[in-house]
Amino acid sequence: MTAILKTIKNMEKIEILAPAGGFDSVTAAVRSGADAVYVGAKRFSARASAKNFDAAELKRAVAYCHIHGVKVYLTVNTIVFDDEFERLAETIRSAAAADADALIVQNMGVARLAKQIAPDLPLHASTQMSVHTASGVRALYEMGFKRVVLSREMSRDEIKKAAQIPVELEVFVHGALCMSVSGQCYFSAMIGSRSGNRGACAQTCRLPFSVNNQKNGYALSLKDNSLIAYLNELQSLGVASAKIEGRMKRPEYVAAAVKACVEQRDFGFITDKTAGQLRGVFARTGFTDGYYTGKRGKGMFGTRTRDDVVAADEKLLAQIRQGYKDETQDVKLTGSFSVKKGERAKLILSDGVNSVEVMSDAASEQAVSAPLSADKVSAQLGKTGGTAYCVSDLKISVENGVSMPLSAINTLRRAALERLDAMRATVHNYKINDIEIQPAVPYISAEHTVRARVPKTKIGAAFKDCGLVFVPLFSDIRELERLLGDGYPAGVEIPRGMFGREEQIDKQLIRAKEIGVKHALCHNIGALYQAKKLGFTLHGGFGLNLCNTYDLLWAEEYGIEDVELSLELKFDKMNRLGGNIGRGFVSYGYLPVMLCRNCPAKSAGVDCKSCKNQSKMTDRKGKRFLLRCDGTCTEVLNCVPLYIAAEEISKTSTSFHSLRFSVENYVENVENTAVFNDFSLLKGNFTRGLYRRGVE
């Protein structure tokens, strides 16, 4: 154990990254030992309900943190629409002006604009980008991202593989777990227009959902994640930053979580007192490490019980607050003080990088009774309480018989520390370009085709008339070859959940290419990277969440042929998008409202053998959601299908629309394309999705 700890101490320490929804959480994090904090702007934050920071508050927070040697990352991690880009540009400028250390972004269009406005401001890829493979990490590294925040669902081995790429990795080590892979949840949006991709999630997953008639089930509610015990292991793997979730949580939670992480990293264990505080301040029936260890299943599910709430009583909170009530004096200063009769006193202070020199306003005088002594000077200059500084080594030279008011020495100290504050507050001095947001020239399509995504290779003759038909990548190669031979315009859809399957995906793509498949539908940056490397024609899927002109310009530059636009984009916004790349939208299908690595059916103890991919989930109103598993991830399908009529499709400025079949049994018998136009087989209720009503 001693040898392990020595090895750890010789490595670069993993960063402890704390959440801060307001300035009180910033101070709690810094005083508890955080190395960095992440905060949200008033707009474009994935935690829109947090207090968040305007330009002035951000500048204050960055200055405070930088004075203490702590970094600040600003989250701009939502999807952004064209009509918001002026305000987005202001947010990026304010981040650069405040000297933030990085922007955390979800949206490729945001990244593109940020590079134009502040080219030296580092970019971190948010977990909202759904990056869960080494291929995705490598793609972002090659695009110039400094850091990638990995999906919470990744295992130890998957993180280890990603860590081989020379880019900083950030891993969530404590806090709430969403049931869905971040960036791939549309549940809250579909139900009430409150988009998780816009920071307005209604936490639908915390409501009761039962699987296969289970009673009192919470099939979408996971325990809180906690990997703090593995902090040193993550550090040894090469992970740069240990991230704590919780910008919506109180400062006491932030302090307790930071303290636990610091103890584990620096000493190899957490004290009983700190562990008790962490459990008490917030938990959902305990914690889980199931994704990291690969022990996914029923044990990962949990809710916040009455006992959990009661544990966070005022006595506990007061105890935690006591630990960070005073300013942390963590910046050691050295320097000198000298004064001679008839001359002004001089004070020099240095933090090891920055040095300041200040002179007293008035010259010293001959002492009448009590001359100034070195001890008196030392006592006055050592009064740095309430600041970040501690004077550790001060050389004092006072000529005999000198008199000087102690208030003058105090003034010197305050002036020197204020100048040091100013020097430490600004680290980067970013260049900020004055970029004008040009109105997009709306796209005009020369043609409009229909394409389909089908769940199997046995499909009716009508699909030959589609522009493209995508079948699952892991379909039987012989069946895929038959489709091509029979004249179907077949391509492959790479699984949305690729966890641990990169090599398998590569091999299957190569086999598909060998028999003549040319087209690949890709829903994340990792899939795009792998398909591009092998020379496929790239088609962007809805999982990329592309929703503005800057997104489309990026996609075109990356070499994507055409894209499915975001499921959360209204028709009127869709029709105003610019760029030259082909674009379309999903016009029919039981849309996947969640992509889950831990199957909801496992909350009821249902295993894959007994499920046979036929499980259903029921909400408190009796609506049923089908669960469809591909062996790695499960899609939760909406309770009713999306359907957009041909008349409305014809009014869109798009080049294609997509029919997404997933559970329909009649696809192999469809012989007439008229079915695609009016869906004469459509039965029961349906939804028009978010194309009319939009999202918050």
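## A pair of facing residues

Let's begin with L627, which stands opposite V636 in β28. Please keep in mind that this is a predicted model. The strands here are β27 (residues 624-629) and β28 (residues 634-637), which pair in the antiparallel sense over 3 bridges.

## The sheet around them

Zooming out, β27 and β28 belong to an open sheet of 5 strands, ordered β8-β26-β27-β28-β25, with antiparallel pairing. At the edges stand β8 (209-211) and β25 (592-596); each has a single partner strand, so one side of each is left without a neighbour in the sheet. On average, neighbouring strands of this sheet are turned by 25° against each other, direction ignored.

## An enclosed helix

Next, look for helix α19 (residues 525-533). Because 7 of its 9 residues are buried, α19 is largely enclosed by the rest of the structure. The buried ones are I525, G526, A527, L528, Y529, Q530 and A531. Their cover includes the helices α6 (134-142), α18 (502-514) and α20 (549-558), along with the strands β21 (519-522), β22 (537-540) and β23 (560-564).

At its start, a side-chain oxygen of N524 comes to within 3.0 Å of the backbone nitrogen of G526. Just after the helix, G535 takes a positive phi of about 85°.

## A buried threonine

Our last stop is T75, found in strand β3 (residues 71-76). Is T75 buried or exposed? Its relative accessibility is 1%, so T75 counts as buried. Leaving aside residues up to four places away in sequence, T75 touches Y38, V39, G40, A41, F44, S45, I104 and R247. With R247, the side chain of T75 makes a polar contact of 3.3 Å, side chain to side chain.

Note on methods. Residues numbered from 1 in each chain as written. Predicted model: local features only at pLDDT ≥ 70, side-chain atom pairs only at ≥ 80, totals over all residues. Heavy atoms only, no water. Helix = DSSP H or I, 4+ residues; strand = E, 2+ residues; numbered from the N terminus. Buried < 20%, exposed > 50% of the residue type's maximum accessible area, 1.4 Å probe, protein only. Polar contact = N/O pair within 3.5 Å; in protein donor to acceptor, adjacent residues only side chain to side chain. Contact = heavy atoms within 4.5 Å. Pairing = 2+ DSSP bridges. Axes fitted to C-alpha atoms, helices over the stretch in contact; angles between N-to-C directions.
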